[in-house]
Amino acid sequence: MKKKNIIIIGVTTVLVIGIILFAIFNSKGGNNSSGTIKTARDIKHMINSIYKGVDLLETDTKEINVSNKEEVEAYTGLTSNKDVELLVVSEPLMNAQAYSLVVLKAKDGADIEKMKLEMKENIDMDKWICVSASNLYITNNGNLIFMVMSSDDWAKPVYDNFKKYVNNNIGKELEKTNNMWDSTSYDNSWLINAPLVVLYFRRKLCYLQV
């Protein structure tokens with residue numbers, strides 16, 4: 001009987017130690033799987049964790065109604081909302097600052113790589129009136145797509161913190177640089193580029209207002 005009690009105590013001790021070690025391991029670096037993020041609140045908590053230690057401007061983090069196709073397209077570049085389960089964005093309180101962080105949870109079975117590529121190709125890096133985002137970064141952790149665009153001083157640290165948060169358990173990484181206003185690329189062809197002309201005069205108007 002005494003021997004049996006010793007065995008039970010020993011097994012119980014091993015189990016308790018195992019549970020403690022498991023909890024410690026999974027707490028390091030935040031969540032290591034998008035499966036732990038089930039709600040918009042979970043996404044907001046992740047964003048707040050990512051922002052820690054980053055010298056960032058004041059932002060407004062909010063959930064977007066995914067049934068609104070126009071809003072989904074404006075924030076993500078996706079032309080369809082059928083595969084979007086959750087969408088949370090974090091942007092400046094002042095529109096004069098070019099910064100946008102987008103976290104999208106895709107539905108099960110969605111083509112994640114296709115969605116990422118469409119976001120990269122279609123997102124408007126010049127959507128602000130007076131400023132533009134110079135750098136864009138996109139990756140994913142499972143069915144969680146992470147995109148941030150801004151100047152590299154802001155975008156890169158936030159992007160790197162996301163990768164740390166998911167223990168570098170990420171998919172293909174996509175990057176994009178906005179060279180529209182690179183002075184070395186100016187030539188007469190911009191005169192017949194309607195979007196560029198509109199943007200040019202929009203910026204001119206902005207400077208006049210300042």
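I began with Leu-101 and looked for its bridge partner in strand E5, which turned out to be Val-148. I note at the outset that this is a predicted model.

Next I followed the pairing of E5 with its neighbours. Strand E3, residues 99-106, pairs with E5 in the antiparallel sense over seven bridges, and strand E4, residues 135-141, is likewise joined to E5 by seven bridges and runs antiparallel to it. At the turn between E4 and E5, I found Asn-141 bridged to Leu-144 of E5, with two residues between the strands of the hairpin and a positive phi near 65 degrees at Gly-142.

I then checked how E5 is covered. Seven of the seven residues of E5, which spans 144-150, are buried; Leu-144, Phe-146, Val-148 and Ser-150 lie on one side, while Ile-145, Met-147 and Met-149 lie on the other.

From there I turned to Ala-155, which belongs to helix H5, residues 152-165. I count Ala-155 as buried because its relative accessibility is 0%. Leaving aside residues up to four places away in sequence, Ala-155 touches Asn-135, Tyr-137, Val-148, Met-149 and Ser-150. Ser-100 is 55 residues from Ala-155 in sequence, yet their C-alpha atoms are 8.7 Å apart.

Last, I looked at confidence. The chain has a mean pLDDT of 81, with 68% of its residues at 70 or more. Over residues 21-30 pLDDT stays under 50, and the model has seven contacts beyond four places in sequence for them; residues 181-192 also stay under 50, with 14 such contacts. Where pLDDT is low, predicted coordinates should not be read in detail.

Methods. Residues are numbered from 1 along each chain as its sequence is written. This is a predicted model: local features need pLDDT of at least 70, side-chain atom pairs count only at pLDDT 80 or more; totals for chains, interfaces and linings use all residues. Side-chain values use heavy atoms; hydrogens and water are left out. Helices (H or I, at least four residues) and strands (E, at least two) are DSSP runs, numbered from the N terminus. Buried means under 20% relative accessible area, exposed over 50%, partly exposed in between (1.4 Å probe, protein chains only). Contact means heavy atoms within 4.5 Å. pLDDT is the predictor's confidence in each residue, from 0 to 100. Two strands pair if DSSP finds at least two bridges between them.
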